[in-house]
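User: Hi! Could you walk me through a couple of sheets in this one?
Analyst: Happy to, here it is.
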Amino acid sequence: MFDGNETRFDYVVVGSGAGGGPVAANLAAAGFKVALVEAGSYHKSLNYAVPGFHGQATQDAAMRWDFFVRHYADRAQQVRDSKYRADYQGQAVDGVLYPRSATLGGCTAHNAMITVYPHDSDWRGLSEIARADDPSDGSWEPAAMRRYFERIERCGYIADDDPELRAGRHGDSGYLGTSMADPRLLLGDKGLLKQVIGAFNQTLIDLFPRSPDQALDKLERVLRLAPILKELLDPETLHDPEATVRSLWKLLDPNRDGVGRQEGVYLIPLAVAQGLRNGSRERILQQEMRTPDLLHIRTDAMVTRIVIEGGRAVGVEYLPGGRRYEASPAPGGGRPAGGAPVTLHADREVILAGGTFNTPQVLMLSGIGPRADLERLGIPVVLDRPAVGRYLQDRYEVAVVSKFPKPFPLLDGLTFRPPGPGEEPDPALKQWEESRSGLYATNGAVLAVIRRSDPDLEDPDLFIFGLPATFKGYYPGYADAIAGDHDAFTWAILKGHTENQGGRVTLKSARPEERPEIQFHYFQEGTDKAGADLEAVVQGVRFVREFNDKLGQPCRLVVRRNDRSFGTAELDINSDDQVRQWVKDEAWGHHACGTCRIGPKEDVTESVLDSDFRVKGLDGLRVVDASVFPRIPGLFIVSAIYMVAEKASEVILRDAGRALPDVDWAPLPDSTWQP
């Protein structure tokens, strides 16, 4: 698996996440010799495998990078964020924690596994770019892109013999198993049921004045839903529990074709198969088991530059030995260690999939980027590409937390982490170990409300999901705080389709080990001068507070200041202006994209790639990760990246004279995750 002797390959793929991992596997499945190079380690643990431990996965020192980013250049505004840190573990960090994964599978190894299909409008924008170069190119059209989702999905929440499986445009034989939480988990907890019913009622009431057509559609769904809920809530009528639950899953499925534009309450599809997290890692390992002579995986291999000869990318250079990147939380991270640089040769192409932060970093270290920035650092300019590292964007998220008079019974005795030395597994972990079921077979999210912040928007832009915990974003130790708080309920408000594209990734130095500078320029400090993003998030906060007030469970927006600049105080947030300031202070994101975006072939100023993922002006180099998107897609970006990986694989193989192969996937045995 980790053969270090080979140095010449057909393709070299850098990065094993949702972009690079499937591409490397597809190329090997088509018969090519492929090197998959990953800067992180191959780490197996319960934190990876147990869906309910996803918070701990982001904190696991064996599988994480610590990025700290600036939301604002204005320091006075930046330090208002309660999550801001000036220093951490003896390093000056001057920013807010942005967890990234350092293990096989990339960020699919620690994300919350939410798998929501993108909106058709996301693909239409890319199709317009492709058709501008070639009017006959319909490969980015929504209908064409949907088939990639069907190819990768193995839907576990619709019965295999259900005639609506294909009608709903789901896949039943892909590598990515999807499932939904069993709604019966909530039945024994009246506090949680109260939150769920309150959200449902408010959504229905709220839609009538906004859109009569939407409201009538919603009312029809309610009438179909009522007998299902009655069965679940009344054990005497529950004759076939599995069939009843499947009916609910199907009715409240946001991924059915055409459902994504409808507002309402939905359950949340997860990348969980047979109670286990699954993603890019499983796709890689499946292919490595099938073609060990073709797929060669290098971990603990930090790529420092693309090797370029005669206007063509011919390979990569990497530093062997783990934890050589400054973002490593291990002692000595970023300091010289390990062996001498190693060069891998690519006879056909190099595919860069290091992610939104590291892909532009590697390009700039290789001399591809803004001329002035490269010359300032003494890096020889290969291609002057001003858009490399620019147009950094993210969606925004804030959290509204309610405190309950007593803990939720569902969480009694749960720790949301593996047992420590001498500890017994908690009840939920015992259940998971015995049957791969229960609360730990989910990510803890209860349900979601999908809605528009403005009725005139083409697509819903708010995804509001509930979880029985206190979650206020990312900061060192945040997952431990979540695990210890059993009397709180959080509605996380996610704003998608954001307007702001004003962020930037730039090099601090020519040292590959050093993290780049990451500056998002949130809200009006960026390109959203009209403040549309801010107002949308405020609308989401208002919606949540309204239905909680009706439930008699008011939400106080409270911030405890611990920064030296402010001292320690609690601030109540009530008026609209106070809410706006609170959102500006406390918002975060974790779907960064756009730093190597696709654009028309002739445009080498505002974009980096053509619609076939090729770096314009250089042969033999493509980019396939979240950085390619001109505008941030959908509500949760990972499904779009998976789909882009399949499209890129098809394009690369087409140019090589081969077709994307069909493979019959089977779930991996438990031995692939057991430590």
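Predicted model: local features only at pLDDT ≥ 70, side-chain atom pairs only at ≥ 80, totals over all residues.
User: Great. What is the order of the sheet with E3 in it?
Analyst: The order is E3-E5-E4, an open sheet of 3 strands with antiparallel pairing. Strands are DSSP runs (E, at least two residues), numbered from the N terminus, and two of them pair if DSSP finds at least two bridges between them.
User: Which strands are at the edges?
Analyst: Strand E3 (64-69) and strand E4 (84-88), each pairing on one side only. On average, neighbouring strands here are turned by 65° against each other, direction ignored; the axes are lines fitted to C-alpha atoms, and angles run from 0 to 180 degrees between N-to-C directions.
User: And how many bridges join E3 and E5?
Analyst: There are 6 bridges between E3 and strand E5 (residues 91-101), in the antiparallel sense. Val69 sits opposite Val96 in E5.
User: Switching topic: what is the order of the sheet with E22?
Analyst: That one runs E17-E22-E23, an open sheet of 3 strands, with antiparallel pairing. Its edge strands are E17 (390-392) and E23 (517-519), and neighbouring strands are turned by 30° against each other on average, direction ignored.
User: Which residue stands opposite Val505?
Analyst: Ile518 in E23. Strand E22 (residues 503-506) and E23 pair in the antiparallel sense over 3 bridges.

Methods. Residues numbered from 1 in each chain as written. Heavy atoms only, no water. Helix = DSSP H or I, 4+ residues; strand = E, 2+ residues; numbered from the N terminus.
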